[in-house]
Amino acid sequence: MSRAFDSVHPAVSLLYFGSVLGFGAVVMHPALLVAGFFGALCCSVTLLGGRETLRRLAWIAPVALAALIFNPAFNHRGVTILAYLPSGNPLTLESLIFGLASGWMLSAVLLWCACLSHVMTSDKVLYLFGRAAPSLSLLLSMTLRSIPRFRRQARRIAQAQQGLYGPPKGLLGRVRAGAGTLSILLTWALENAVDTADSMRARGYGLRGRTAFSLYRLERRDKGLLLFLAAALLLTGALGAWGGLKWTYYPALGGTLDWRTALAVCAYLTICLIPVWLERKEERVWSRWNI
């Protein structure tokens with residue numbers, strides 16, 4: 001289903017995801033991590049839907065839990081000792097908090113990447129990087145396009161096999177069915193690659209002076225979004241450089257929690273919620289037209 005944020009200019013989408021992923025993956029301040037996860041969750045529900053978001057959280061949660069468990073098991077830094085492990089190493093509060101923060105950050109980044117793969121389609125990647133790096137842009141666009149196609153084709157192959165031979169029985173039957181599905185999928189992928197190469201050659205790909213057609217135009221809304229994103233990004237970066245997002249986990253927990261932190265978190269959260277705002281604005285416009 002198409003959303004309001006899907007129709008913005010690719011440059012706006014690139015700046016948006018670069019901003020949220022850049023701060024979300026680099027800055028480890030607890031307030032920014034909470035704001036980033038909340039923004040990623042709202043953005044995922046808006047762009048992907050509630051059911052798809054829950055499905056992704058189902059496999060993101062174990063990854064975050066693993067980060068929470070493994071960090072204090074192997075990292076014993078910190079001054080606040082809670083207990084001693086059977087190996088004799090200390091279990092510290094700082095290692096637990098850092099593991100929780102790492103899992104929180106990883107969950108937000110994975111949700112952002114899911115939204116990125118939904119919004120940044122192959123044609124948008126080609127539009128942005130086609131002239132500067134044609135080979136790289138083609139590789140990225142084909143990779144983004146191939147992953148969902150392979151998933152759909154593998155599902156079709158598995159359904160066809162079950163229709164012919166029935167559902168697999170036992171562990172050995174599931175392994176054989178999976179190997180058969182993988183073999184058929186690889187054959188289909190190789191044949192599809194040959195057809196794609198022939199089609200690209202017939203259309204003149206790689207010829208000097210070849211032009212490309214695009215429907216993307218930088219409209220007034222896109223220019224306003226670019227200016228707003230740039231201003232919010234500069235404000236967040238300036239406050240972070242000023243010390244508003246400073247936080248340390250080792251050897252003791254501590255950092256900045258003042259008006260600079262609050263303003264930086266608000267600016268970053270505003271960036272994160274842009275797709276939600278655009279979707280609500282479009283819903284109000286449609287409801288006004290339907291009256």
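How are α3 and α4 oriented to each other, roughly parallel or roughly antiparallel? Keep that in mind while we get our bearings. What you're looking at is a predicted model. The protein chain has 291 residues, and 34% of them count as buried. Its C-alpha atoms fill a box of roughly 65 × 60 × 50 Å along the principal axes. There are 10 helices and 4 strands, and from the N terminus on they run α-α-α-β-β-α-α-α-α-α-β-β-α-α.

Now back to the helices. Two packed helices are described by the angle between their axes and the distance between those axes. For α3 and α4 (residues 93–119), the axes come within 8 Å and cross at roughly 155°. Angles over 145 degrees count as roughly antiparallel, so α3 and α4 are roughly antiparallel to each other. Their crossing is right-handed.

Helix α4 has another partner to look at, namely α2 (residues 30–48), whose axis comes within 9 Å of the α4 axis and crosses it at roughly 30°. That angle makes α2 roughly parallel to α4. Here the crossing is left-handed.

Finally, follow α3, which spans residues 50–74, to Phe74. Is Phe74 buried or exposed? Exposed counts as over 50% relative accessible area, and Phe74 has 68%, so Phe74 is exposed.

Notes: Residues numbered from 1 in each chain as written. Predicted model: local features only at pLDDT ≥ 70, side-chain atom pairs only at ≥ 80, totals over all residues. Heavy atoms only, no water. Helix = DSSP H or I, 4+ residues; strand = E, 2+ residues; numbered from the N terminus. Buried < 20%, exposed > 50% of the residue type's maximum accessible area, 1.4 Å probe, protein only. Axes fitted to C-alpha atoms, helices over the stretch in contact; angles between N-to-C directions. Parallel < 35°, antiparallel > 145°, perpendicular 65-115°, else oblique. Left-handed = near helix turned anticlockwise from the far one by under 90°.
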